[in-house]
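The exercises below go through one structure step by step, each with a worked solution. Please look at the sequence and the model before reading on.

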Amino acid sequence: MKTTRPRSLRLRGFTTILLFLLPALVLFFGLVVAPILLAFYASVFKWNGMRGLPTDFVGMANFTRVLADEVFLGDLWRGLLLIILSVAIQLPLSLGIAMLLNQKIHGRAFFRLLFFAPYVLSEAITAVLFMMILSPTDGLANYILGWFGVDPLDWFADPSTVMMSVFIVMTWKYFGFHMILYIAGRQGIPRELTEAAQIDGATGWKTFRYVTLPLLGPTIRISVFLSVIGAIQLFDLVWIITGGGPSHSSETMAVTMFQFGFKRFQVGYASAISVVMFFISLVFALFYQRYVMRRDLEGASTVLRDQR
Amino acid sequence: MKLSRRGAALLAASALVLGGCGSTGNDAGESKSSAGGKVTVEFWNIWTTDPLKSYGAQAIKDFQAKHPNITIKSVPYENEAFKAKLTTLTQSGKAPDIFQTWGGGVLGQQVDAGLVKDLSADTGDWIGTFTDAALSAYQVEGKTYAIPDDIGMVGFWYNKALFKKAGIAEPPGTWSEFVDDVKKLKAAGVTPIALAGKDKWPGHYYWAYLSMRIGGLDALKQAGESKDFTGPAFVEAGQKLKELAALQPFQKGYLGATYGDPGGQAATMGDGKAAMELMGQWAPAVQNDAGKGLGDDLGFFPFPAVDGGKGAVTDAFGGGGGFAIGSEAPPEAIEFLKFLTESTEHRKAVATGGLLPVLKGEEDAVTDPNLSVVAKNLAGATGFQLYLDQAYPPAVGQEVNDSVAQLIAGTKTPEQVAQAITETAKSE
């Protein structure tokens, strides 16, 4: 009796857990894992997406085509450009504003709300809004530039300025999100530490450089991570504003994938693009977690393991 | 109508999602009992807005009054939603009894899948009442798979006042005159041409028409069959278009402009900010909608002839709509189509301004003066070519649009355009 009881209890516990997990697992496998596997499968076929499963096996042809395609190589370069610009301009800007809004100033709750608002707007609305503001003919931006005697720009309609314009929209849309992350991180830093530094005679800059910034490290690393993944998968803003044009000069990997999958019905080739995107994201995520975020993760996992 | 069909990709994407999620409870395939006397025929159409919405309701009522044993069940969807719904249904191997089609590559795929009834045997004398241009999109290898209901063509819509301002008395009849007029307009400080560079499909009209005028309709037909677009006609068409683009005839910021949105091609034209646009029969309606509209200042001239070219200036380029019948539809479905395309009935539809004549000698039924010009040009057409992005498989059509857009933007040479289209056609 004494030996069977715990076992039946354990079994019951296991059944309960399984029952609770089952709906989520079914959804996860049906809606996440299965489509990924199907994309892997379809990526080695020539397939227009119709009539059951693909049958025309082409081996690695789709992948050799992707890696030789000028547009796709351009996508990689543009993705890298967006990542560099995000990390070099957008994130420092968010950090600066976050530090400012951490000061005891009047109406800081209002400003926090105001700066976070763009993030709440949907991508589609943001896109339409900026199409109007940055219109080459009667946009607000050109009107304001006119006050300073600057010649009107073509913004999204000129291959040489389109990436800059897209980046402006991205920054406007996402800086509030990173700002909130930084404010939360900053508030997690105990006041004693900054006070101690100030008593020891540290200036404002020194306190920021040697106390605040190192302690914000984990927040910054996760914010860079989210920013990079976001740039790799950028789709909706670009699709609505430019559709990838003019002549592919603002196209991203996701836009190229959509073009081939849903406009040209070359679903096999589009799947190959999605597989390449998947691996780029995976490799980046693994390396970043392994080498950059190792210390942040160590703190959590190793301590827990010791306690077990 | 064309506007929303080609319309915002956003709509298309959401329609795809909605179409995929929607219930399939009311799908076709439940109404095949013609033996018991009473028959229900499902009629999938895109008549969601007036004037065709109310016209369709009245036509169905009239038909049912004449045929009390037949019930027509109308299933209207907006263009993009219609395409998504129909794609979902055909992928499961079914087709509605009667459904809207635009012919070309998509109809060809449905025919290959055995979903569409061959109407050649049933039509007989009936087929002779239609114009050749209207029928051409639905005939595959000598067989007829759909009945035309609407047809239109692309041509230049121009602003008479701006032409006068530049000292141009007559619309150009040849390409060289056209180029001269573009220069005159520029010299007079007028933007010669409105173009939606972002949408890409309006740009492909230039390349397609130039190819038609230089190589003739046969060149396009042959290229479609041999999948080889590298012939001299296509390269020369590219060069002519490149020369035109080099004159910078388009409105400011045209590379980012759409067709129907505020500030787009139609609005630029409708507000009198450009002298002409190359567009289909729906252009005046969209100009009025997106801009102020030109009223009596609006004129139409066919795409000019190219000196030494094989194509006639009367060869038309465009597309229309028609109805196909599902392979398992009851025979009564044909009765309804015969009713719709019978002369007095179709004249009623044409008089509403929602459709253009597809029957011989029907041109006088058109009431709108702009549409009347198009109808007369079509009636005198010596040949007809369907929109290239509809005539060819989707990948080839998109490659045409894409490559020509790059040609106009100056990032591809005429030879590269021909090469890229050929490569895509061969890989299909």
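**Exercise 1: the domains of chain B**

The contact between them, counted where C-beta atoms placed from the backbone lie within 7 Å, takes 17 residues from domain 1 of chain B and 20 residues from domain 2 of chain B. On the domain 1 side, α1 (2-6), α5 (104-112) and α16 of chain B each supply at least two residues, helices being DSSP runs of H or I with at least four residues and strands runs of E with at least two, numbered from the N terminus. The largest share of that side, 6 residues, comes from α16(B).

This is a predicted model, in which local features need pLDDT of at least 70 and side-chain atom pairs count only at pLDDT 80 or more, while totals for chains, interfaces and linings use all residues. Residues are numbered from 1 along each chain as its sequence is written, and chains are lettered from A and ligands numbered from 1 in the order in which they are written.

**Exercise 2: helix α16 of chain B**

Identify the buried residues of helix α16 of chain B and the elements against which they pack.

In this helix (residues 369-379), the buried residues, with 20 or more other C-beta atoms within 10 Å of their own, are B:L371, B:V373, B:V374, B:A375 and B:L378. Their packing partners in chain B are α7 (132-135), β6 (146-153), β9 (298-301) and β10 (315-325).

Key
Buried ≥ 20, exposed ≤ 12 C-beta atoms within 10 Å, placed from the backbone. Contact = placed C-beta atoms within 7 Å.
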